[in-house]
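Let's take a friendly walk through a protein model together. Keep the sequence and the 3D view side by side, and look for each part as we come to it.

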Amino acid sequence: MAKKGKLPGAAASPVQPQTPLAKARWALEAGDVRRARELAAEAARAGPESERAEPRRCCAGWGPTLRAIAVAAVVLLLIVIAALGGIFGKH
């Protein structure tokens, strides 16, 4: 009989890693990009010398792209146009 609150065959929750780089990977896999960036920056500053180059490469690739900025600008422009049309449009 299974214990109350546990599903039969359920895997144990993963243990959080201890090095800054491993924590950054773990946070990224969990979907927490902001925390992953913070941890990768920490690993680049204070991590073991053998692990400092990888977080620098990762941080460089995690920045916003020109395409993402352009899409955000277009969406913002459409919102402003719609708001102005709602305010000044004929009823």
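Start with a pair of residues that you can find quickly: Arg35 and Glu38 both sit in helix H2, three residues apart, or about one turn of the helix. (Helices, H or I runs of at least four residues, and strands, E runs of at least two, are DSSP runs numbered from the N terminus.) An α-helix has 3.6 residues a turn, so residues three or four places apart point the same way. The side chains of Arg35 and Glu38 meet in a salt bridge, with 3.2 Å from N to O. A salt bridge here is a side-chain nitrogen of Lys or Arg within 4 Å of a carboxyl oxygen of Asp or Glu, and by this rule the count comes to one. Side chains of opposite charge can pair when their charged atoms come close.

Are these two partners hidden or open to the outside? Arg35 counts as partly exposed because its relative accessibility is 39%, and Glu38 counts as partly exposed at 42%. The scale works like this: buried means under 20% relative accessible area, exposed means over 50%, and partly exposed lies in between, using a 1.4 Å probe and protein chains only.

Before going further, a word about what you are looking at. This is a predicted model, in which local features need a pLDDT of at least 70 and side-chain atom pairs count only at pLDDT 80 or more, while totals for chains, interfaces and linings use all residues. Residues are numbered from 1 along each chain as its sequence is written, and side-chain values use heavy atoms, with hydrogens and water left out.

How confident is the predictor? The pLDDT is its confidence in each residue, from 0 to 100. The protein averages 76, and 74% of the residues score at least 70. Confidence is highest in helix H4 (residues 66-88), with a mean of 93, and lowest in helix H3 (residues 53-61), with a mean of 71. Over residues 1-12 the pLDDT is below 50, and beyond near neighbours in sequence this stretch has one contact in the model; contact means heavy atoms within 4.5 Å. Where pLDDT is low, the predicted coordinates should not be read in detail.

Now step back to the whole protein. It has four helices and zero strands, which gives the pattern α-α-α-α along the sequence. Of its 91 residues, 12% are buried.

Return to H2, which has 14 residues. From its first C-alpha to its last it reaches 20 Å, close to the 20 Å expected at 1.5 Å a residue; that expected span is 1.5 Å times one less than the number of residues. Which residues of H2 are buried? They are Ala36, Leu39, Ala40, Ala43 and Ala44. These residues cover an arc of only 140 degrees around the axis, so they are on the same side of H2. The arc is that of the directions from the helix axis to the C-beta atoms. On the face turned away from this buried side, H2 carries the exposed residues Arg34, Arg45 and Ala46.

Helix H1 (residues 20-29) has its own buried residues: Pro20, Leu21, Ala24 and Ala27. Seen down the axis of H1, they fall within an arc of 120 degrees, so they line one face of the helix. Just after H1, Gly31 takes a positive phi of about 95 degrees.

Where do H1 and H2 come together? Look at the largest nonpolar core, made up of five residues: Ala24, Ala27, Ala36, Leu39 and Ala40. H1 and H2 each supply at least two residues of this core, and H2 gives the most, with three. A nonpolar core is a set of buried Ala, Val, Leu, Ile, Met, Phe, Trp, Tyr and Cys residues joined through side-chain atoms within 4.5 Å. In soluble globular proteins, nonpolar side chains tend to be buried together. Finish your tour at Leu39: leaving aside its neighbours within four places in sequence, Leu39 is in contact with Pro20, Lys23, Ala24 and Ala27.

Notes
pLDDT = per-residue confidence, 0-100.
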